[in-house]
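Let's take a quick walk through this one, starting with the core and ending with a charged pair.

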Amino acid sequence: KEMVKSDEQFLDNASKTKSKDNINSILKVKPKTTYGKLRQLLLILSTAMEIGDLPTTFEVLWALEASPVFKSAFEEVEAKQDAKDEKKDKKDKKKDKKDKKDDKKDKKDKVKEVVLSEEGE
């Protein structure tokens, strides 16, 4: 916990200004924790977007995507989404079966309407 606070403090001090030099000062900080490394990337990303440095922005996004923290979080989100999709599919199948049964009942219950001619008039 102390190391996380230390990383936070160093990164906060390094990110005081918003300029190209700020990115270099953030890069000079060597975080000791995974949280610190992730925060460092996010600070660089934020600064690069604010100053309009697209190449740096894309580099940081690719670095975030390649980080183990991102990969594990992404896999966790995908697993939760798959579980939700499976539940939804099961509900949809049950609903489809019920709808088919209701349709069959409706067809049986419908009586053919016969139009009588008006010959008797």
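Here is a short report on the core, a helix pair and a salt bridge.

This is a predicted model, where local features need pLDDT of at least 70, side-chain atom pairs count only at pLDDT 80 or more, and totals for chains, interfaces and linings use all residues. Residues are numbered from 1 along each chain as its sequence is written, and side-chain values use heavy atoms, leaving out hydrogens and water.

The largest nonpolar core has 11 residues, among them Leu11, Ala14, Val29 and Leu64. Such a core is a set of buried (under 20% relative accessible area, 1.4 Å probe, protein chains only) Ala, Val, Leu, Ile, Met, Phe, Trp, Tyr and Cys residues joined through side-chain atoms within 4.5 Å. At least two core residues come from each of α1 (2-14), α2 (20-28), α3 (34-51) and α4 (54-66), and α3 gives the largest share, with 4. Helices here are DSSP runs (H or I, at least four residues), numbered from the N terminus.

Now for α3 and α4: their axes, lines fitted to C-alpha atoms over the stretch in contact, come within 9 Å and cross at roughly 155°. The two helices are therefore roughly antiparallel (over 145 degrees).

Then there's the 1 salt bridge, a side-chain nitrogen of Lys or Arg within 4 Å of a carboxyl oxygen of Asp or Glu. Lys80 and Glu76 form it at 3.8 Å, N to O. They sit 4 residues apart in α5 (residues 68-109), so about one helical turn separates them.

| Residue | Relative accessible area | Class |
|---|---|---|
| Lys80 | 53% | exposed (over 50%) |

Key: Axes fitted to C-alpha atoms, helices over the stretch in contact; angles between N-to-C directions. Parallel < 35°, antiparallel > 145°, perpendicular 65-115°, else oblique.
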